[in-house]
Amino acid sequence: MTDLLALPPYARALDMRIVDEIDGAPVIAMPFADRVQGRPGFLHGGAISGLLEIAAIVAIHRALRAKGSDSAIKQVNVTVDFMRGGVNEMTYAIGEVTRLGRTMANVEARAWQEDRDKPIAMGYMHYLIKAKRTD
Amino acid sequence: MAFGKPDLGSITPKGAAFDPALVNKMMGKFGHGGFLDMEYVGHGDDWVELAIDWREDLVADPDTGILASAVIISLMDNATSMSIWTKLGEFRPQVTMDLRIDYLRPSPSGERVYGRGICYHLTNSIGFVRGFAHNGNPDEPLAHASGTFIRIGDRIA
């Protein structure tokens, strides 16, 4: 992803957009719609996870770029805690790179609706940092 | 009902045997499951297998065609959730408490992804699940999953 404003196809399919920035980290928004609904009236956990993932990816690309790195990333794992049901409202997410090393990065992503202090879900991800190959 | 999606409880009345193939006709064909177009593949006493076809609009990395991680999460979420009802023999309202996925390897561009969810323990309130995703050969998994579901009262079901 060379252009930070160009979100990947999956994010565009779920109508995610970068809407704001908090302390240098982009805030991603995802509107409620049938395509992100799980049980009636609530967001599907997988769609919430998708929003967390995009926030994490955007945050890590920005952190790499700030270091002057063009490395690629590869996700190793993710743990998602679902804390509240996501209702028929706009959902926001932000990623925080808690550690960026030479070989791996830890990212924490938070999703919320009305109140950022009441997250609906948190994601904890590990990424492998890979030098871009030209061969 | 929002978006005309039928209530799961209404088609799986108490006492009727839980039928994952039938339930997937809603969970996999409406809402987010419908967006991903989940297919029922098979089930046993304590497991359910579903599948999603690779699609360009599910890709997170256009350079490699690798699917968004959350596509696998959604697949494992639905498969593990249904494995609880399958083991239990009936539907009970529940929500995902947490889910962890380890990606052993990427799912190749263009390949169908299968997700098998297994309920390995049930209590009155919690369903303990694990599972794995593969591309057609269960002996070559691409991801492992583990998580828990919590039963919820009828007031928010």
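Tutor: Two strands pair if DSSP finds at least two bridges between them; strands (E, at least two residues) and helices (H or I, at least four) are DSSP runs, numbered from the N terminus. This is a predicted model, in which local features need pLDDT of at least 70 and side-chain atom pairs count only at pLDDT 80 or more, while totals for chains, interfaces and linings use all residues. Residues are numbered from 1 along each chain as its sequence is written, and chains are lettered from A and ligands numbered from 1 in the order in which they are written.

Student: Which residue in the hairpin of β1(A) and β2(A) takes a positive phi?

Tutor: Strands β1 (residues 17-22) and β2 (residues 25-30) of chain A are antiparallel and share five bridges. One bridge sets Asp20(A) against Val27(A). Two residues lie between the strands, and the one with a positive phi, near 50 degrees, is Asp23(A).

Student: Why does β1(A) lie largely in the open?

Tutor: Buried means that 20 or more other C-beta atoms lie within 10 Å of a residue's own; exposed means 12 or fewer, partly exposed is in between, and C-beta atoms are placed from the backbone. β1(A) has six residues, and it lies largely in the open because the number of them that are buried is zero.

Student: Which residue of β5(B) stands opposite Thr79(A)?

Tutor: Strand β3(A), residues 72-82, runs antiparallel to β6(A), residues 121-130, with ten bridges. β3(A) is also joined to β5(B), residues 94-103, by five bridges, again antiparallel. There Val80(A) faces Leu99(B), and the residue opposite Thr79(A) is Arg100(B).

Student: Which element gives the most to the side of chain B that touches chain A?

Tutor: Residues are in contact if their C-beta atoms, placed from the backbone, lie within 7 Å. By that rule, 30 residues of chain B are in contact with 28 of chain A. Elements giving two or more residues to this side of chain B are α3 (31-36), β3 (59-61), α4 and β5 of chain B. With nine residues, the one that gives the most is β5(B).

Note on methods. Contact = placed C-beta atoms within 7 Å.
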